Amino acid sequence: MPVGTLASVKGVPQDLLEDLGVQILLGNTYHLYLRPGLETVRGMGGLHGFMSWDRAILTDSGGFQVFSLNELRKVNEEGVTFRSHLDGSSHLFSPESAMEAQIGLGADIIMAFDECTEFPAERARVRGSMELTLRWAKRSKNHFEEHKHRVPWEKPSSAQHSAVSSQLASSAEAAGSSDDESSRIADGGVRATQGLELRSPGRPGAAVPTRTGTLPAAGATQSLFGIVQGGMDLELRRESAERTVEIGFPGYAIGGLSVGEPRDVTREIVESTLQYLPADQPRYLMGVGTPEEIAAYAALGVDMMDCVLPTRAARHGLLFTSVGKISIKQARYANDAGALDPACGCRVCTRYSRAYLRHLYASNEVLAQVLNTVHNLSFYLDTMRRVRHSIRLGEGTGFLSGVSSQPKP
Ligand SMILES: [Zn+2]
């Protein structure tokens, strides 16, 4: 899952993401809650409508983001009080408010509110934190079950609703009829708004974004995933996994990793935790990794991963290729007429030279960030396509040979 923190994969428009074959994006609740704010997004039909993205979206609970605020946060049984990194204002995230926020954002998959345990931590501290996450998981589920019908998919918000209704009223008047179609839309049936070009009342000519692709069936709701914690302790991880599964969720995430622990510890924790999570439900490893790592974790049985690495590295001129990592800023590429990655079929590699990409980066051109991001995303998505292909062919971990670490060229 490419990361679109602020309802945007930095530098890449949505139609391009569709062309690249992105199936699902991640959005960050903490950031979207602060800016533009929940009511704005909810009023636009949730993130799907707001950012004009018909494919799947997952939002995190905000727990990890407030965890990384360090001195700006305070944790108690109720939740986490934190100060906004934007203006210093004080806010509380609790399991209930995190559910409220994620229901309003309307992603397809949302996450239980958890506490990400710091590393390193004493065993007693890790246990206490794990128990808190379990209590929060129950509260998250309870609140979600009670309020899940409020997801802004089913019908346009009141502003949109009245705009639709008045538009329909006038078009019905003009046509001198009120056919079934328009009465269904006036009832707020979301499917019926398909293909309608809605107009915002306040901004003449501005289209109100709507989901134009496959819309969820009437009555459909989001999927709330649970999160396993337990620090770097194998026994606590096992207990956290078993008790989270007991609470019962349609999918499970392994959280609290990539917090500064050695890579072999991450792997050990993932491998041992996976066996306690149902293999016939999505298993999501949060916040990893390099192309080699995502292939390796998929081989262990992980189904979903997200990471800012491909997009963030791209903006710093670090590009993942079939011949290793390339730092495009280096002078050695100044006259290199070759493709960035001869083995990559993306629109960047098939069109531009390393020399041009190096020039764009050195000149601080916006296009450098765009092209670098497009390539890195393509490389990651290709990696996962190969992984899926190998799984389908029953090759097991055979795909690992294609993406294993190779020396820098
Ligand atoms: Zn490429």
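A residue is called buried here when its relative accessible area is under 20%, exposed when it is over 50% and partly exposed in between (1.4 Å probe, protein chains only). By that criterion Cys-344 and Cys-349 are both buried. The structure is a predicted model, in which local features need pLDDT of at least 70, side-chain atom pairs count only at pLDDT 80 or more, and totals for chains, interfaces and linings use all residues. Residues are numbered from 1 along each chain as its sequence is written, and side-chain values use heavy atoms, with hydrogens and water left out.

Buried residues make up 50% of the 409 residues in the chain. The chain has 16 helices and twelve strands, these being DSSP runs numbered from the N terminus (H or I over at least four residues for helices, E over at least two for strands). With contact taken as heavy atoms within 4.5 Å, residues 24 or more positions apart account for 67% of the chain's contacts with a separation of 6 or more.

Turning to the metal site, the zinc ion has as protein donors Cys-344 (SG), Cys-346 (SG), Cys-349 (SG) and His-375 (ND1), at 2.1 to 2.3 Å. Donors are N, O and S atoms within 2.8 Å of the metal (3.2 Å for Na, K and Ca); water is not among the atoms, so sites may look incomplete. For reference, the ideal angle for four tetrahedral donors is 109.5 degrees. Along the sequence, the donor residues follow the spacing C-x1-C-x2-C-x25-H.

His-375 belongs to helix α15 (residues 366-393) and is buried, with a relative accessible area of 0%. Leaving aside residues up to four places away in sequence, His-375 touches Leu-319, Phe-320, Thr-321, Leu-340, Asp-341, Cys-344, Cys-346, Val-348 and Cys-349.

Elsewhere, Arg-42 sits in helix α3 (residues 38-43) and is also buried, with a relative accessible area of 14%. The C-alpha atoms of Arg-42 and Gly-104 are 5.1 Å apart, although 62 residues separate the two along the chain.
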